[in-house]
Amino acid sequence: MYFAHEMSRAALMPLRIATDAQSKLLRHPLSPLSRLPGARSIASAYGVFGDLTRRYPKPAFNLHSTVCDGEKVDVSEVILQRKPFAQLKHFQRSVSRPDDPKLLIVAPLSGHFASLLRGTVKEMLPDHDVYITDWRDACRVPLSAGDFGLDDYIDYVIDFIEQLGPDTHVLAVCQPVVPVLAATALMAEDKNPATPRSLALMSGPIDGRIDPTAPCELATKHNLAWFRRNLVHPVPAPYPGAMRKVYPGFLQLTGFVNMNFDRHIDAYRGLFKSMRDKEVEKIRRHREFYDEYLAVMDLPATYYLDTIQRVFQEFHLARGCFMHRGRKVNPAAIEKTALMTIEGEKDDISSPGQTRAAHKLCVNIPDARRLHHLQEGVGHYGVFNGSQWRESIAPRLKTFIREA
């Protein structure tokens with residue numbers, strides 16, 4: 001399937017080039033074709049076709065500055081640690097603020113790149129020393145780098161937290177809530193001095209049995225062999241990761257799109273009208289969103305299948321039988337780390353209650369050091385991006401971190 005997908009994209013390339021050239025001819029003010037009836041509509045249709053069929057590369061964060069105490073300061077991206085499947089990225093500000101909390105944002109490894117959390121990082125930058133897990137596209141990791149499973153994910157999280165040292169605060173967004181909670185529990189049980197000072201879990205499947213959403217129901221509808229047989233494919237040449245087995249990003253994207261298919265159809269109808277009517281700002285907003293949304297990455301097959309089985313089918317963490325390299329994970333070992341859970345009322349990926357379940361597992365955290373917030377009126381994406389994130393959720397999260 002992966003090979004067929006790549007062949008179809010290659011086959012469309014000449015058509016994309018031709019329609020792009022025609023679109024420019026139909027739009028250029030000096031072209032006689034631009035005066036033909038319906039020229040703008042045809043050019044707009046060609047433009048939509050180009051947007052739908054082009055490749056979307058890994059987006060940049062493009063966070064070059066922030067404002068600290070009313071003063072604009074520069075921000076540069078620095079790689080602190082490189083691993084085969086991820087790197088630890090630091091958003092380094094050009095000002096010394098030693099009292100700002102260190103914040104590690106653990107980005108999801110679920111199809112989109114870490115830049116999906118651009119809005120999350122941007123909002124936290126003025127008052128925090130921000131780091132993020134920047135996961136690599138598995139199709140670009142050669143076979144010689146070895147395999148990567150859910151246990152490796154937990155190891156990466158622990159290594160990154162230890163790299164940052166004591167008094168680090170951790171924010172896990174969506175998929176990583178389970179491995180991050182597991183990593184924190186292991187560190188707490190080992191009395192690791194780098195055990196996070198606080199842990200914020202945002203819209204993730206701590207217990208997928210609670211009000212199952214469509215992704216949760218899909219996971220329990222089929223056995224693991226079905227996922228291995230239908231959704232795992234080898235990476236074709238000439239990618240560096242050729243022959244590595246992955247869950248392709250384009251399959252994950254298909255699932256995302258199908259969940260809100262009518263909404264995406266309406267969005268591209270709107271793009272057509274905006275192109276035809278030369279509504280530059282609407283075109284910019286559409287592309288700003290879809291350049292991010294349509295940029296997807298492949299997931300290592302072992303990690304993907306581990307997650308399906310242990311998180312979404314057998315609910316190991318919620319049932320108290322989650323194991324890491326033969327060792328039982330005990331969330332009750334967490335005593336000193338403050339815990340905050342955040343959910344969206346209209347979340348159709350991780351429904352309300354699934355993340356809050358972490359409080360029932362972490363029984364030894366004092367009540368004064370735990371907090372739950374349910375944001376009314378927002379879906380999954382709105383929990384960590386957009387106006388409700390900036391105006392309602394982020395202020396509460398910042399206060400929680402400061403108090404911790």
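Which helices and strands each supply at least two residues of the lining of the second largest pocket? The legends below take up this and related points for a predicted model.

**Figure 1. Secondary structure around the second largest pocket of the predicted model.** The helices that each supply at least two lining residues are α1 (2–27), α2 (39–53), α8 and α9. The strands that do so are β2 (71–83), β3 (86–93) and β5 (129–135).

**Figure 2. The second largest pocket, with about 1000 Å³ of space.** Its lining is made up of 38 residues, of which Arg9, Tyr56, Leu253, Leu294 and Val296 are the closest to the centre. Sorted by class, the lining holds 19 nonpolar, six polar and 13 charged residues.

**Figure 3. Position of the second largest pocket relative to domain 1 and domain 2.** Domain 1 spans 1–55, and domain 2 is made of 65–219 + 299–403. Because both domains give residues to the lining, the second largest pocket lies between them.

**Figure 4. The largest pocket, with a volume of about 1300 Å³.** Around this pocket, 48 residues form the lining, and those closest to its centre are Pro215, Gln252, Phe256, Met259 and Ile349. The lining comprises 32 nonpolar residues, 13 polar residues and three charged residues.

**Figure 5. Helices that contribute to the lining of the largest pocket.** At least two lining residues come from each of α5 (177–189), α6 (214–221), α7 (224–231), α8 (249–259), α9 (261–276), α10 (280–293) and α11 (301–313). Which helix gives the largest share? The largest share comes from α8, with seven residues. Both α8 and α9 also each supply at least two residues of the lining of the second largest pocket.

**Figure 6. The largest cavity, with about 40 Å³ of space.** The count of cavities of 30 Å³ or more comes to one. Residues lining the largest cavity include Val178, Pro205, Ile206, Asp207 and Gly208. By class, eight of the lining residues are nonpolar, two are polar and two are charged.

**Figure 7. Helices at the largest cavity.** Both α11 and α12 (316–319) supply at least two residues each to the lining. The largest share, three residues, is from α12. Helix α11 also supplies at least two residues of the lining of the largest pocket.

Notes
Residues numbered from 1 in each chain as written. Predicted model: local features only at pLDDT ≥ 70, side-chain atom pairs only at ≥ 80, totals over all residues. Heavy atoms only, no water. 1 Å grid on protein atoms, 1.4 Å probe; cavity = no way out; pocket = protein on both sides within 12 Å on 5 of 7 lines; lining within 4 Å. Points joined across faces, edges and corners; volume = space filled by probe spheres on them. Helix = DSSP H or I, 4+ residues; strand = E, 2+ residues; numbered from the N terminus. Nonpolar A, V, L, I, M, F, W, Y, C, P; charged D, E, K, R; others polar. Domains from an automatic or database assignment.
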